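Open the model in your viewer and keep the selection tool at hand. The stops below say what to select and what is there.

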Amino acid sequence: MKQLIQRLTEVTGPSGYESAVRDLVRAEIEGLADDIRVDALGNLIARKGQKGAGGVRLMLSAHMDEIGLAVTHIDERGFVRFTAIGGVRPHTCIGGRVRFMNGARGLIFMERPEAPDRLPGLDGLYIDVGATSREDCPVRVGDIGAFERPFLEVGSRLVSKAMDDRVSVAVLIETLRQVQAYSGPNELYFVFSTQEEVGLRGATTAAYGVDPEVGLSVDVTGTGDTPRGARMAVALGKGPAIKVRDGGMLSDPRVVRWMERVAEERGIPYQLEVLEGGTTDARAIQLTRAGVPVGCLSIPTRYIHSPSEMVDIQDVEQSVALLAALVTSKVELD
Amino acid sequence: MTEQPHTTPPAVGAEQLALLERLCNASGVSGDEGEVRKIVLEQVRPLADEVQIDALGSVLAVRHARGVEAPLRVMLDAHMDEVGLLIVSDEENGLYRFVKVGGMDDRALPGKTVLVGKDHIPGVIGAKAIHLTEPGETENKISLDTLRIDVGPNGGKIKPGDRATFATRFRQVGPSIFCKAFDNRVGCAILIETLRAAAQSGALDHLELLVAFTVQEEIGARGARAAAYRFDPEAAFAIDSTPASDLPRYDAREDGAIEDAGYNVRLDHGPAIYLVDSGTLSDPRLARHLMDTAGRHGIPYQVRQPGAGGTDAGSIHRVRAGVPSISISVPARYLHTAAAVARRADWEHTQALLWQALVELDRGILAQPR
Amino acid sequence: MIELKPFLKQLISLPGLSGHEGPAREAIAAAWKPLVDDLSVSPLGSLHALKRGSGPGERPRILLAAHMDAIGLIVTNITPEGLLGITEIGGVDPRILPAMPVMVHTRSGDLPGVVAQPPDRLLPPNARSKPVQLEHLLVDTGLPPDEVHRRVRAGDLVSFGTEPLELAGDTLVGHSLDDRAAVAAVTVCLDELSRRAHVWDVWAAATVQEEETLGGAFTSPYAIRPQIAVAIDVTHAKGPGASDWRTAPLGKGFTLDWGPNTHPALFNAFKETAERAELPYTVTVYPSGSGTDAMGMQIVNEGIPTMVVSIPLRYMHTPVELISLKDIARTGRLLAEFIAGLELDFVEKKLRWEEEA
């Protein structure tokens, strides 16, 4: 699974430009699903199973896109100015590397700040692509890129850019692999969504098309286990997190209870999560059509939205075990 | 692709200027678009096969395809509403307190003439005489809470709930247009001319044209969401106006050696094609189609700088199971103030780009993966 | 005949935070059951009630929406000392929290507690001598740490614990009057309709998650597909620190709200009804969003003509919200009068735009 995560995180696929990720996912799940289609916003939707008596139509969603940037200006010396695609914070950019969709690479640095203790905003940063003028600059206004940083393994921890949310994409792929023999009454939709980082756009349309009865997003969540970190009861190495609430969504308490029940039955450790900022595809699924009961299975992750997001491989493997158990279980919401 | 008949795009002549004048001079603040709606209805009724007004007040016009089975369903969108003011309390003696509707810079308000309500009752947003100010006071913003609309003692019948717009009247000066509400009456004008040319020439008979003149774009692209849901199109083009702030920097030198890294969209450089804005990541296939079309027909264009600001496409593309969408805007300076400045030529090029892109639009463009 | 005061007092004493409205829903269902033909629950937990009209065949439908969810708090973590870290559900002004009684809802029962404001010396320097923000407030249950760790978990809900209070002038005080007062008004309406004829089908929805996502507002109309949707909410009543154009007098009737979420023809129809029935009202205006379920309902599917009716309330989103019971009853009457007066062809004849030919 580590190799799969590495391959997925290394691909360049910012919001709106996920085709390379989609091709990789498609190759991985070829032959594993009954039906695979791509919708108008580029969501990859794979169906496994047919709804039978006592089953539910269940949608899982992990997003393929990562945060990135768009070129706003090239100056006459070939320096590139940019704006954010998704939640990009200046302090995670400085000194980092960028790869554009057309293959051009560069590094990000900053203007001399006005005051020594003041961080510049994004407009005080620029990308040096090794050009010497506007004319020989390999990128143009409107070009899109993403951050670049090699995958790293330290102990039981994996570090890369785009763990958010490629680690969940890997979890979905592995889960699909593990439920190959499933012939029960649940109709499962494995949705690899697009444009989550810019407002859950892919999940909005995918959910409308799938029209599920229950939805589960799989995404990363923060932890409270770093120096002077957030006030969260979630830590690496303590198992997948069952989300109760985040900045944009309240999980259906019946879904939370179902997830807890299955985890306890299978002896899979879990943590309960309240995240104060950020949200996931589950919010979009919840507000679809007449409404959908939703929850979220979260992978605890440190340093989200930086080029070095960190997960624990055991948490990831336990997430697969929990997800496979959930989708093959009798979905009883009471 | 079969050879397309050569078609001349609609030009911007005296008739079009007169229509835009009427549209820009009309009052239609978000949530109160009636005056604009009336003009739009009068224009499109003779040109469309079906016209209706939806629950929010948007005008939805359909021109069916002719002689084609399973035509491509294309939505064209332009919003009728403008940013403006809402009267919130009557403070006697012809003075009224107001708040803004939509995004406006407070600093653009003092000292302006406005028209209030259906009867266009004139008033002014006064500002204290400079003689009466304290030292240093002119360096501070005049707080919105202290501004009032003054229609004169015992002025006309105005009540809380009435809207007010800038009183600026449309004017042409050389290559330029000065007016208020260029955003987005120019989009409405472009869609009307597209319908007119479609009806007269038959050049868009291969398309099912679903034309939405929407409401409440300036307060959240609300009308567009309902309109797109009803139309259920296969592709959508939103036509709007975008700020060009191509003025020189304070420290610009004669030889232009200190550059503005900020705004890219400029007057005189044609329609702005959107790739990324705050609400939409344009469908790259439609973007390529627009740029290729512009190239084939020698129509100048610019790429609208990625960043803040959005259009109705933000709502449209997320409706139902998703709609490939893109926006094209006419650049203009000083949008959302009492007087914008735009170029007739940019308007004409935007009209031409939309026209040719529609003439040459077919399903094959969307058949490639996104 | 519904007893408004005891019903409302009971309703605001039940927990029902956004996303977890169950207890409130049960009480409302019990009150509505004898008054309607059909009760159902939406996938998100909104309560839908149908009272069929007397018209022939497929009757047009009006939807009355009042949200039953309330604001409150949720546990984020438990400190080693057994104190609870909290964050908000819905918009909570932290300045009203210190020393407030609360109830912590756990798997093993409800635990009373109090919101603790730590002494300044235990706070970072830039947080001292100022109202303490949520990130530093804690809930103290008075229990030993090991018992707290055993019984309380992250994600447990914390609701406000202040008891309802009757004050002079036929007013009621408590938390969650936003928007349970409107639910009570809808109940008064349904009660009155049980004695009056009406042609249209009436759908009443006690919606969920208004305070967080407008979740109920976006989803309830999807299946119901009403021709008209009315949001009944609370608005700011004049009182200390509240006197400008956004406020309406307390005890002088409901407000009819004018702005972009309000269909002008519906507004006029409601105004005529209020005048015909001699019900006092104020008109309040809003520039863009009404801050009610109407914001969501208006743009569901192909769009729905919406109306906003509000009940003036002081000290909104505090544990001591104050409202006039007379205003609630008047609101219920307005809704009943409007519905009773709805003719089959109202949409074609009256629900039009001036510019339609």
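The tour goes through two whole chains, then two contacts between chains, and ends with single residues.

**Before the first selection**

This is a predicted model, in which local features need pLDDT of at least 70, side-chain atom pairs count only at pLDDT 80 or more, and totals for chains, interfaces and linings use all residues. Residues are numbered from 1 along each chain as its sequence is written, chains are lettered from A and ligands numbered from 1 in the order in which they are written, and side-chain values use heavy atoms, with hydrogens and water left out.

**Stop 1: chain B**

Chain B contains 8 helices and 17 strands; helices (H or I, at least four residues) and strands (E, at least two) are DSSP runs, numbered from the N terminus.

Of the 370 residues in chain B, 59% are buried. Buried means under 20% relative accessible area, exposed over 50%, and partly exposed in between, with a 1.4 Å probe and protein chains only. Among contacts in chain B with a separation of 6 or more, 77% join residues 24 or more positions apart; a contact means heavy atoms within 4.5 Å.

Now show the surface of chain B. Its accessible area is about 14400 Å², and 51% of that belongs to carbon and sulfur atoms. Such areas come from the Shrake-Rupley method with a 1.4 Å probe; for residues, only the protein chains shown count as cover.

Colour by charge next: chain B has 40 positive and 50 negative side chains, with the centres of the two sets 2 Å apart. Lys and Arg count as positive and Asp and Glu as negative, while His and the chain ends are not counted. Each charge is placed at NZ of Lys, CZ of Arg, CG of Asp or CD of Glu.

**Stop 2: chain C**

Select chain C, which has 9 helices and 18 strands. Its radius of gyration is 21 Å, close to the 21 Å given by the globule rule for 357 residues, so chain C is as compact as a globular protein of that length. The C-alpha trace of chain C spans about 70 × 40 × 40 Å along its principal axes.

In chain C, 62% of the 357 residues count as buried. The chain exposes about 13300 Å², with carbon and sulfur atoms supplying 53% of it. Chain C carries 32 positive and 45 negative side chains, and the centres of these sets are 3 Å apart.

**Stop 3**

Show chains B and C together. About 2300 Å² is buried between chain B and chain C, 60% of it on carbon and sulfur atoms. Buried area is the accessible area (1.4 Å probe) that two parts lose on being put together, summed over both. On the chain B side, Ala55(B), Arg222(B) and Tyr229(B) lose the most area to chain C, together 24% of what that side buries. The contact involves 31 residues from chain B and 27 residues from chain C.

**Stop 4: single residues**

Which residues does Leu176(A) touch, not counting those up to four places away in sequence? They are Ile29(A), Leu32(A), Lys48(A) and Phe190(A). Leu176(A) lies in helix α3 of chain A and counts as buried, at 0% relative accessibility.

The peptide bond from Asp164(A) to Asp165(A) is cis, with omega near 10°.

Last, go to Asp268(B), in the loop between β13 (235-243) and β14 (272-274) of chain B. Asp268(B) is not a glycine, yet has a positive phi of about 70°. This residue is partly exposed, with a relative accessible area of 48%.

Methods:
The radius of gyration is taken over C-alpha atoms; the globule rule is 2.2 Å times the number of residues to the power 0.38.
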